[in-house]
Amino acid sequence: MASEEIFLTEKAIQDFFIESPSFFYSVLTNSSNRQWIEKFLLLPHKREEAKYSWSKLISSNTALVWTEEFIGRYLDDWDWSALSKNTKLPWSDSFIHKYATKWDWKELSGNAGIPFCEEMIEKYSVKWTWNTLLANDRVALSGDFIFRHFDRMPEYFYSADWPED
């Protein structure tokens, strides 16, 4: 049996993405191949009616190797709420600071991929969603820190209604 080689043009690839949404969604949510993702990001139709869905799917992708450079290159294309939940971003205090006006702080508060420290929590104390932050297993706070931020602590934190595991 003879094998045939198939050569795909950019247009054929674009049409395939549009006409095969299940494959398209799989690529956007599971692919670690940044070349495929970037090819899609550069397609002219990406800013049309489907922007919400593709933006959220790519932003939620935990298989990608995320870098600050990659995020910066497509700054206005991301779903920042989905990025805020993504545990695989290159999390650091400077990275959070760089995009402080874009983050969804409620989602960021619950992100177990962030290397939380008291200094970082203090720095953004007015932005965190404290109920979510305190429920995050990655957050460890000293008694002194809790005392300084007692007014931000949810009532259950210091009452008999503390939720049990």
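Visitor: How much of the chain is buried, and what makes a residue count as buried?

Guide: Of the 165 residues in the chain, 37% are buried. The word applies to a residue under 20% relative accessible area. The model is a predicted one.

Visitor: What makes up the fold, helices or strands?

Guide: The chain has 11 helices and zero strands. Read from the N terminus, its elements run α-α-α-α-α-α-α-α-α-α-α.

Visitor: Why is Trp-66 called buried?

Guide: Trp-66 has a relative accessible area of 5%. Buried means under 20%, so Trp-66 is buried. Phe-70, with a relative accessible area of 0%, is buried by that cut-off.

Visitor: What makes the ring pair of Trp-66 and Phe-70 tilted?

Guide: Rings pair if their centres lie within 6.5 Å, and by this rule the count comes to 17 aromatic pairs. The ring centres of Trp-66 and Phe-70 are 5.5 Å apart, with the planes at 50°. Planes under 30 degrees apart count as stacked and those over 60 as edge-to-face.

Visitor: Why is the pair of Trp-80 and Trp-103 called edge-to-face?

Guide: The planes of Trp-80 and Trp-103 stand at 70° and the ring centres are 5.1 Å apart. Over 60 degrees counts as edge-to-face, so the term applies here. Trp-80 is in helix 6 (residues 80-85), while Trp-103 is in the loop between helix 7 and helix 8, so the pair links distant parts of the chain, 23 residues apart. Both Trp-80 and Trp-103 are buried. Ring pairs also join Trp-80 and Trp-103 with Trp-91, Phe-95 and Tyr-99 in a cluster.

Visitor: How do you know that Glu-68 and Lys-98 form a salt bridge?

Guide: The closest N and O atoms of Glu-68 and Lys-98 are 3.6 Å apart. The cut-off is 4 Å, so the pair qualifies. Glu-68 belongs to helix 5 (residues 68-73) and Lys-98 to helix 7 (residues 93-98), 30 residues apart. By this rule the count comes to six salt bridges.

Visitor: Why does Glu-68 count as partly exposed?

Guide: Glu-68 has 27% relative accessibility. Buried needs under 20% and exposed over 50%, so a value in between is partly exposed.

Visitor: What makes Arg-148 part of a network of salt bridges?

Guide: Arg-148 forms a salt bridge with Glu-122, with the closest N and O atoms 3.1 Å apart. Arg-148 lies in helix 11 (residues 143-148) and Glu-122 in helix 9 (residues 118-123), so this bridge ties together parts that are 26 residues apart in sequence. Arg-148 forms a salt bridge with Asp-144 as well, at 2.6 Å between the closest N and O atoms. Both distances are within 4 Å, and Glu-122, Asp-144 and Arg-148 are linked in a network. Being four residues apart in helix 11, Arg-148 and Asp-144 are separated by about one helical turn.

Visitor: Are Arg-148 and Glu-122 buried or exposed, or what lies in between?

Guide: Arg-148, at 41%, is partly exposed. Glu-122 is partly exposed at 32%.

Definitions and conventions
Residues numbered from 1 in each chain as written. Predicted model: local features only at pLDDT ≥ 70, side-chain atom pairs only at ≥ 80, totals over all residues. Heavy atoms only, no water. Salt bridge = Lys/Arg side-chain N within 4 Å of Asp/Glu carboxyl O. Helix = DSSP H or I, 4+ residues; strand = E, 2+ residues; numbered from the N terminus. Buried < 20%, exposed > 50% of the residue type's maximum accessible area, 1.4 Å probe, protein only. Phe/Tyr/Trp six-rings, centres within 6.5 Å; stacked < 30°, edge-to-face > 60°.
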